Amino acid sequence: MKRDYKLFFSLVIVAIVWGTTYLGIRVAVETIQPWYVTSIRQGIAASLILLYLLSKKQFQWIGWANFVLQMIPALMMIVIANGFTTIAEQTLPSGLTSILSALSPLVVYLSSSAIGIQKFTIKGLIGVLVGFIGVVFIFKDGLGDILDPNYKTGILFLSIAILSWSLGTVYTKFHSSKVTNISLNLFYQFAIAAVVQLILARTFHPNIDMNLWSFRSLMAVIYLAVFGSVLAFFCYYYAIKRVSAIEVSVLNYINTVIAVFLGWLLLDEVITIDFIIATALIILGVFITNYKKK
């Protein structure tokens with residue numbers, strides 16, 4: 001069987017880049033209000049893709065039917081999931097965010113099985129659960145944070161974000177066969193999201209002083225736009241056309257490992273033996289979920 005190196009590369013990019021976005025978002029919201037972070041991020045992403053489409057003479061109106069098709073993942077995955085995660089990261093510790101976000105593959109697996117786009121198997125369920133246990137093992141000392149009343153609002157926002165992202169992933173997989181031009185569809189998704197999020201930003205933060213926005217936060221937003229949106233979403237759509245929704249979503253576990261590693265590399269956080277054990281569990285979970293007999 002011929003190996004699909006583009007698919008492998010896309011999965012690696014999704015795992016690594018989205019693993020870094022937790023840090024990027026935390027830096028961005030240090031001085032920039034969350035809805036401005038997301039609207040500027042998606043606005044830059046839409047502009048970059050538009051320039052690419054114009055240079056290739058591929059920009060065109062996609063028709064109302066396809067526009068509605070793109071509006072649904074734009075609202076579910078970018079406006080709600082990305083926007084609410086950004087809001088949640090203002091108050092939630094990174095460990096708690098990672099634990100809750102690791103529920104996404106389980107929701108995707110059960111949802112995909114329920115609507116018939118993926119066959120339910122005990123092996124798949126075990127793989128997802130093993131990976132989730134690995135994530136919990138990393139942050140087991142912070143499990144008590146879930147009961148902290150100070151985090152109640154952040155947990156609510158993040159829970160909605162996880163559910164919306166998971167269902168958006170299943171929806172995207174269900175309609176993946178209709179995707180003919182990933183770049184064109186992404187432009188409309190980012191453009192829709194940017195407009196909606198800008199309206200939300202102006203609604204919730206009508207009076208802002210951009211002079212208070214730090215260079216560090218602005219650079220984080222640009223990173224999120226170029227890598228977290230344009231590059232990672234393109235690779236995500238390329239991958240989801242070729243593998244199951246759950247096989248893409250289990251990369252959330254790898255994201256957690258990368259996020260912790262970056263905390264060690266850039267924020268002087270300590271890597272313990274628990275992290276090494278958890279990493280082994282996560283890799284095992286991903287392997288069980290994706291392993292197929294030749």
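Predicted model: local features only at pLDDT ≥ 70, side-chain atom pairs only at ≥ 80, totals over all residues.
**Arg216 and Glu30**

The count of salt bridges in the model comes to one. It is formed by the side chains of Arg216 and Glu30, with a distance of 2.9 Å from N to O. The pair links distant parts of the chain, since Arg216 belongs to helix α9 and Glu30 to the loop between α1 and α2 (34–55), 186 residues apart. Arg216 has a relative accessibility of 48% and therefore counts as partly exposed. Glu30, at 45%, likewise counts as partly exposed.

**Ser217**

Ser217 is also part of helix α9. Its relative accessibility is 0%, so Ser217 counts as buried, the limit being under 20%. A polar atom of the Ser217 side chain lies 2.9 Å from the backbone oxygen of Val27. Beyond its neighbours within four places in sequence, Ser217 is in contact with Val27, Ala28, Glu30, Thr31 and Ile32.

**Accessibility of the residues discussed**

| Residue | Relative accessibility | Class |
|---|---|---|
| Ser217 | 0% | buried |
| Leu103 | 32% | partly exposed |
| Glu30 | 45% | partly exposed |
| Arg216 | 48% | partly exposed |

**Leu103**

Leu103 is located in the loop that runs between α4 (94–101) and α5 (104–115). With a relative accessible area of 32%, Leu103 is partly exposed, because this value falls between the limits of 20% and 50%. When neighbours within four places in sequence are left aside, Leu103 is in contact with Phe132 and Ile162. The C-alpha atoms of Leu103 and Gly131 are 9.9 Å apart in space, while the two residues are separated by 28 residues in sequence.

**Cavities**

The structure contains three cavities of 30 Å³ or more. The largest cavity has a volume of about 440 Å³. It is lined by 26 residues, of which Trp18, Tyr22, Thr85, Trp165 and Asn252 are the closest to its centre. At least two lining residues come from each of α1 (5–28), α3 (64–88), α7 (152–174), α9 (215–240), α10 (245–249) and α11 (251–267). By residue class, the lining of the largest cavity comprises 15 nonpolar, nine polar and two charged residues. Helix α9, which holds Ser217, is one of the helices that supply residues to this lining.

Technical notes. Residues numbered from 1 in each chain as written. Heavy atoms only, no water. Helix = DSSP H or I, 4+ residues; strand = E, 2+ residues; numbered from the N terminus. Buried < 20%, exposed > 50% of the residue type's maximum accessible area, 1.4 Å probe, protein only. Contact = heavy atoms within 4.5 Å. 1 Å grid on protein atoms, 1.4 Å probe; cavity = no way out; pocket = protein on both sides within 12 Å on 5 of 7 lines; lining within 4 Å. Points joined across faces, edges and corners; volume = space filled by probe spheres on them. Nonpolar A, V, L, I, M, F, W, Y, C, P; charged D, E, K, R; others polar. Polar contact = N/O pair within 3.5 Å; in protein donor to acceptor, adjacent residues only side chain to side chain. Salt bridge = Lys/Arg side-chain N within 4 Å of Asp/Glu carboxyl O.
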